[in-house]
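This briefing covers selected helices, loop residues, backbone features and cavities of one model. Please read it alongside the sequence and the 3D view.

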Amino acid sequence: MTDIQRCEIRPGCLVEWTLHPKAVETAAELPEDGRPPAYVQESHVRTARTVREDGLFVPTWLGTAFDIPGKVDLDVLQHALRDWTLRHETLRSGFRWVGDDMRRFTLDADAVALHREDVGDFAEAATLTRYLQDRFDVAADALSWPNFIYTAVVREDGASVYMAFDHSNVDAYSLQRIAAEIHELYEAGLEGRALDTAPVASYVDFCAIERAQADRIDDTHAIVARWREFIAQCDGKLPGFPVDLGLDPEGPLPAQKFMHEMLADDADAAAFEAYCRPYGGSLVGILAATALIVREIGGQDVYRTVVPFHTRAKSTWSDSMGWYVGGAPIEIPVARATDFDSALRMVRAALRESRPLSRMPIARVLRLLGSDFRPTSPDLYSIVSLVDSRATPGSERWQELKAYGLIRISYGDQVCVWLTRVHEGLQFASRYPATDIAYKNMRLYAEGLREYIVSVAGGREQELTARARA
């Protein structure tokens with residue numbers, strides 16, 4: 001994961017594809033689709049609307065970037081992009097407001113067509129980067145539809161594809177699959193081969209199923225009681241990142257900055273995985289290290305956070321593009337940790353207890369709590385996430401193809417940390433408030449994670465014990 005400034009954009013001739021105006025006109029006349037938005041979608045769109053009404057435009061799109069080597073046939077690429085769009089129903093499904101309710105509409109597959117526009121030549125990478133970011137901000141906006149755009153920067157020796165989507169359509173796992181899927185469709189088109197382009201399981205269907213299940217619980221349910229207790233322990237709020245971020249409580253929503261680096265090479269990452277495996281794996285190790293590090297930085301005796309988990313509980317949804325993410329609250333009494341192993345045991349126990357809660361949408365729980373969680377930031381809480389991408393089709397070629405997942409860095413008062421296990425090692429990416437204090441403490445955090453990983457990999461656990469007891 002990176003931002004658009006760091007994905008190796010090179011000059012060339014820019015071409016873009018959007019949903020054809022006739023398709024957009026057809027969608028405007030469509031009747032309501034009875035399948036409701038997922039709670040996470042509704043929360044996302046309502047938050048965007050609230051922040052916009054407060055006078056701030058906060059882009060929240062996600063995207064992907066990858067190369068296609070060799071002279072590119074734009075007609076074949078357009079056909080591949082349309083076929084890929086038809087696979088994923090969420091891209092032709094949007095929302096309109098009826099009073100204060102969000103109602104879904106869904107375009108028929110036969111009505112989907114892409115409109116291609118030759119934007120022109122860009123001689124400077126910086127100018128092209130600024131153009132793409134500004135274009136994506138408008139074309140992949142949470143409050144408009146369609147809310148996706150595909151582009152290609154064409155050169156004699158190949159093309160770089162850049163695609164952006166409103167977050168309501170995608171998660172990190174979805175982004176990681178796109179490059180291989182487009183390559184497969186494009187190569188089949190070049191060779192004149194027929195390829196199975198049947199739709200995969202629909203995220204729109206998942207939204208309806210998940211929402212129906214969520215609506216069966218009420219405010220007496222045990223899951224709601226656990227969240228109520230957790231939020232009370234967080235002073236009535238969802239948890240932020242427990243270090244000083246230099247924020248002004250009365251100030252405007254701050255701009256954010258981005259931090260991106262490799263924390264460990266493949267050998268060290270593998271050794272860390274092996275050490276943590278008896279306790280549940282690398283996620284347990286990352287959270288244990290995080291709990292110990294933020295205690296060193298901020299002094300909190302208990303580390304409370306919401307851990308993101310995917311909600312693709314059935315293989316039916318494994319190839320589907322959508323926002324399949326829930327959150328589980330955990331608290332780690334890190335002051336009781338005597339060494340890294342004891343912190344690992346605490347995290348393992350907390351995750352075992354709390355992970356089932358991630359299948360209940362947080363937005364549904366907050367509604368049942370009856371509290372006024374009026375969103376003022378695009379992020380409800382801070383996160384530390386770990387995704388192992390090595391089993392993703394095509395991931396072994398990501399470096400060769402300059403393939404990236406893209407994050408839009410804009411405004412926010414929370415910290416989001418994404419750790420990605422790639423074939424080359426463990427990658428760290430984070431967006432955080434753009435203050436000097438936040439930068440200092442996020443550097444301390446990133447370096448602390450690196451030290452824990454390298455110490456475990458090097459068999460220097462005694463150093464970790466000394467840190468835990470300090």
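The 15 residues of α2 should span 21 Å at 1.5 Å a residue, and the end C-alpha atoms of α2 are 21 Å apart, which agrees. The expected span here is 1.5 Å times one less than the number of residues in the helix. Helices (H or I, at least four residues) and strands (E, at least two) are DSSP runs, numbered from the N terminus. This is a predicted model, in which local features need pLDDT of at least 70 and side-chain atom pairs count only at pLDDT 80 or more, while totals for chains, interfaces and linings use all residues. Residues are numbered from 1 along each chain as its sequence is written, and side-chain values use heavy atoms, with hydrogens and water left out.

**Helix α2**

- The buried residues of α2 are Tyr39, Gln41, Glu42, His44, Val45, Thr47, Ala48, Thr50 and Val51; buried means under 20% relative accessible area, exposed over 50%, and partly exposed in between (1.4 Å probe, protein chains only).
- These buried residues pack against β3, β4 (101-106), α6 and α11 (362-369), where contact means heavy atoms within 4.5 Å.

**Helix α3**

- Because 10 of its 14 residues are buried, α3 is largely enclosed by the rest of the structure.
- The buried residues of α3 are Leu74, Val76, Leu77, Ala80, Leu81, Asp83, Trp84, Thr85, Leu86 and Arg87.
- The cover over these residues includes the strands β1 (12-19), β2 (62-69), β5 (114-122), β6 (148-155) and β7 (158-165), as well as the helix α5 (172-191).
- At the start of α3, a side-chain oxygen of Asp73 comes to within 3.0 Å of the backbone nitrogen of Asp75.

- Thr90 sits in the loop between α3 (74-87) and β3 (93-98).
- With a relative accessible area of 1%, Thr90 is buried.
- The side chains of Thr90 and Asn169 are joined by a polar contact of 2.8 Å. A polar contact is a pair of N or O atoms within 3.5 Å; within protein, one must be able to donate a hydrogen and the other to accept it, and residues adjacent in sequence count only if both atoms are side-chain atoms.
- Apart from neighbours within four places in sequence, Thr90 is in contact with Gln41, Ser168, Asn169, Tyr203, Val204 and Met321.

**Loop between α5 and α6**

- Val200 lies in the loop between α5 and α6, and Ser202 is placed in the loop between α5 and α6 (203-214).
- Val200 counts as partly exposed at 23% relative accessibility, whereas Ser202 is buried at a relative accessible area of 7%.
- Leaving aside neighbours within four places in sequence, Val200 is in contact with Arg87, His88, Asp319 and Ser320.
- With neighbours within four places in sequence again left aside, Ser202 is in contact with Arg35, Glu89, Trp317, Ser320 and Tyr324.
- The C-alpha atoms of Val200 and Thr316 are separated by 8.5 Å, although these residues are 116 residues apart along the chain.

**Backbone features**

- Trp145 and Pro146 are joined by a cis peptide bond, with omega about -5 degrees; Pro146 belongs to the loop between α4 (125-139) and β6.
- Glu8, in the segment before β1, is a residue other than glycine with a positive phi, near 60 degrees; Glu8 is partly exposed, with a relative accessible area of 39%.
- Lys402, in the loop between β11 (383-388) and β12 (404-407), is not a glycine either, yet has a positive phi of about 50 degrees; Lys402 is partly exposed at 24% relative accessibility.

**Cavities**

- The structure holds four cavities of 30 Å³ or more. On a 1 Å grid over the protein atoms alone, a cavity is a set of points where a 1.4 Å probe fits but cannot get out, and lining residues have an atom within 4 Å of a point.
- The largest cavity holds about 70 Å³ of space; a volume is the space filled by probe spheres set on the grid points, which are joined across faces, edges and corners.
- Residues lining the largest cavity include Ala48, Val51, Arg52, Trp61 and Asp137.
- Helix α2 (residues 39-53) gives the largest share of this lining, three residues.
- The lining divides into eight nonpolar, one polar and three charged residues. Ala, Val, Leu, Ile, Met, Phe, Trp, Tyr, Cys and Pro count as nonpolar, Asp, Glu, Lys and Arg as charged, and the others, Gly among them, as polar.

Conventions
On a 1 Å grid over the protein atoms alone, a cavity is a set of points where a 1.4 Å probe fits but cannot get out, and a pocket is an open set with protein on both sides within 12 Å along at least five of seven lines; lining residues have an atom within 4 Å of a point.
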